[in-house]
Amino acid sequence: MVGTGVNSFVSLVILAVIAEYSHAPFLFPSLGPTAFLLFHAPLAASTSPHNTLLGHLIGVLAGWFALAVTGLLAARPDLEDVDARRALACGLALGLTCGLMPLLDAAHPPAGATTLIVALGLLRTPDHLVVLMAAVVLITAQGFAINRLAGLPYPLWRLPSAAAEP
């Protein structure tokens with residue numbers, strides 16, 4: 001669908017402009033699949049604001065927790081020399097994220113990438129994590145506005161339970 005591509009493009013360009021002028025990480029890899037889902041399958045349960053926001057929040061918190069437990073909060077990222085602690089942090093973060101999202105009825109697959117971004121140390125400071133979540137809020141708001149302008153019954157928070165995916 002052309003609309004999916006155009007809407008994803010516009011949403012990420014807006015975040016890129018904010019990133020450029022704020023010098024903050026408002027643009028990161030897991031926003032790509034989030035944008036795709038918001039504009040390709042806006043009425044799926046996993047793309048509701050509830051799932052998008054909570055899924056990414058679970059990913060951020062699980063990634064940060066994994067860094068803290070493994071003593072890597074202050075360690076710089078190194079994607080070429082992943083040691084046992086970093087591997088443990090990534091496994092723990094992804095395991096927690098993938099376990100907690102269904103448990104909390106907040107499944108959003110791109111959050112699996114968010115948790116790895118944090119566990120790998122790419123975005124790890126409290127300031128960066130706040131910006132990361134602000135970017136998720138902004139792209140979710142863009143998805144809400146664009147989908148509603150297109151006449152879709154995109155939910156304010158989550159789909160009615162009868163319409164939710166299994």
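Let's start at Val2, which sits in helix H1, residues 2–22. Before I go on, please keep in mind that this is a predicted model. Val2 has 67% relative accessibility, so it counts as exposed.

Now over to helix H4, residues 84–103, where we find Arg86. Which side chain of opposite charge is nearest to Arg86? That would be Asp83, at 5.4 Å. A salt bridge needs the side-chain nitrogen within 4 Å of a carboxyl oxygen, and Arg86 has none, although Arg86 is buried. So what does Arg86 touch? Leaving aside residues up to four places away in sequence, the contacts are Leu67, Leu72, Ala75, Arg76, Pro77, Ala119, Leu120 and Gly121. Do have a look at that list on the model.

My last stop is the aromatic rings. The structure has one aromatic pair. Its members are Phe144 and Tyr154, with ring centres 6.1 Å apart; the planes meet at 65 degrees, so we call the pair edge-to-face. Where do the two residues sit? Phe144 belongs to helix H6, residues 126–149, while Tyr154 is in the segment after H6, so the pair links distant parts of the chain, ten residues apart.

And are these two buried or exposed? Phe144 is at 25% relative accessibility and therefore counts as partly exposed. Tyr154, at 0%, counts as buried.

Thanks, everyone, and over to you for discussion.

Methods. Residues are numbered from 1 along each chain as its sequence is written. This is a predicted model: local features need pLDDT of at least 70, side-chain atom pairs count only at pLDDT 80 or more; totals for chains, interfaces and linings use all residues. Side-chain values use heavy atoms; hydrogens and water are left out. Rings of Phe, Tyr and Trp (its six-membered ring) pair if their centres lie within 6.5 Å; planes under 30 degrees apart count as stacked, over 60 as edge-to-face and the rest as tilted. Helices (H or I, at least four residues) and strands (E, at least two) are DSSP runs, numbered from the N terminus. Buried means under 20% relative accessible area, exposed over 50%, partly exposed in between (1.4 Å probe, protein chains only). Lys and Arg count as positive and Asp and Glu as negative; His and the chain ends are not counted. Contact means heavy atoms within 4.5 Å.
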